[in-house]
Amino acid sequence: MADKKIIIAIDGFSSSGKSSMAKQLAKTIGYAYIDSGAMYRAVTLYAMRKGISTPEFLDEERLVAELPNIEIGFKVDEHTGRSRTMLNGEDVEDIIRTIEVSNQVSPVSAVAEVRRDLVRKQQAFGLGKGIVMDGRDIGTTVFPTAEMKVFVDASPEVRAKRRHIELAEKGQDVSYAEVYKNVCERDRIDSTRKESPLRKADDAYVLNNDEMSIEEQNEWLIELYNKIVSLQK
């Protein structure tokens with residue numbers, strides 16, 4: 001008998017590596033991968049382009065009014081096999097990963113109506129189960145009954161270092177100090193917002209990957225998945 005499909009929720013702080021491990025886990029077990037963070041980044045990019053969001057100001061009323069005009073989806077790149085984020089039919093995968101978008105995504109994500117709108121969209125992805133979704137509130141708000149929940153933790157120093165290297169590899173000239181400031185500010189906003197703040201679900205397994213290699217954390221995840229699935233039979 002085939003393994004019963006489950007929902008896997010991976011939450012954690014920004015730049016903790018949760019997206020990379022979620023993608024790899026989904027690929028290994030043949031599940032669909034949904035990047036909830038990319039959805040918030042896409043809304044942020046839309047708001048920036050419309051002048052709704054700037055480094056100094058966010059017009060929440062205008063943003064909420066524009067939500068019906070924002071369509072977000074994902075497509076698989078035929079050459080790489082990786083998921084690409086689509087905003088109203090445009091591939092925005094690369095631009096939503098820039099430091100400019102990163103600096104504005106947390107205030108946009110803190111708007112209650114934005115979170116509620118995207119939570120509904122995210123829950124629709126999980127109707128058939130067999131998905132891995134990562135974000136800030138997947139195990140607490142989006143899928144509180146997910147069979148497998150993981151909370152990824154790492155120090156802000158380690159996360160900023162990883163993010164700085166990632167941006168440099170993409171050709172973005174950003175200082176470590178700026179990245180570290182961004183990481184800490186996002187932590188503060190994500191953890192203190194009123195709507196679905198970032199926190200560990202009571203029944204989530206904690207993965208601190210400060211000193212773990214990518215191979216070690218991938219092995220940790222697949223072992224946990226196998227253990228949980230074996231209990232579902």
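1. The expected span of a helix is 1.5 Å times one less than its number of residues. In this predicted model, helix 7 covers residues 156-169, which is 14 residues, and should therefore span 20 Å. The C-alpha atoms at its ends are 20 Å apart, in agreement with that expectation.

2. Within helix 7, the buried residues are Arg159, Ala160, Arg163 and Leu167. Viewed down the helix axis, these buried residues fall within an arc of 95°, so they line one face of helix 7. Lys161 and Glu169, on the other side of helix 7, are exposed.

3. The cover over the buried residues of helix 7 includes helix 2 (36-49), helix 4 (99-109) and helix 8 (176-192). Just after helix 7, Gly171 adopts a positive phi of about 85°.

4. Setting aside neighbours within four places in sequence, Glu90 is in contact with Arg49 and Thr85. With Arg49, the side chain of Glu90 forms a polar contact of 2.9 Å. Between Glu90 and Ile72, which are 18 residues apart in sequence, the C-alpha to C-alpha distance is 9.3 Å.

5. On confidence, the chain has an average pLDDT of 92, and 98% of its residues score at least 70. Confidence is highest in helix 3 (residues 60-66), at a mean of 98, and lowest in strand 3 (residues 72-76), at a mean of 87.

Definitions and conventions. Residues are numbered from 1 along each chain as its sequence is written. This is a predicted model: local features need pLDDT of at least 70, side-chain atom pairs count only at pLDDT 80 or more; totals for chains, interfaces and linings use all residues. Side-chain values use heavy atoms; hydrogens and water are left out. pLDDT is the predictor's confidence in each residue, from 0 to 100. Helices (H or I, at least four residues) and strands (E, at least two) are DSSP runs, numbered from the N terminus. Buried means under 20% relative accessible area, exposed over 50%, partly exposed in between (1.4 Å probe, protein chains only). The arc is that of the directions from the helix axis to the C-beta atoms. Contact means heavy atoms within 4.5 Å. A polar contact is a pair of N or O atoms within 3.5 Å; within protein, one must be able to donate a hydrogen and the other to accept it, and residues adjacent in sequence count only if both atoms are side-chain atoms.
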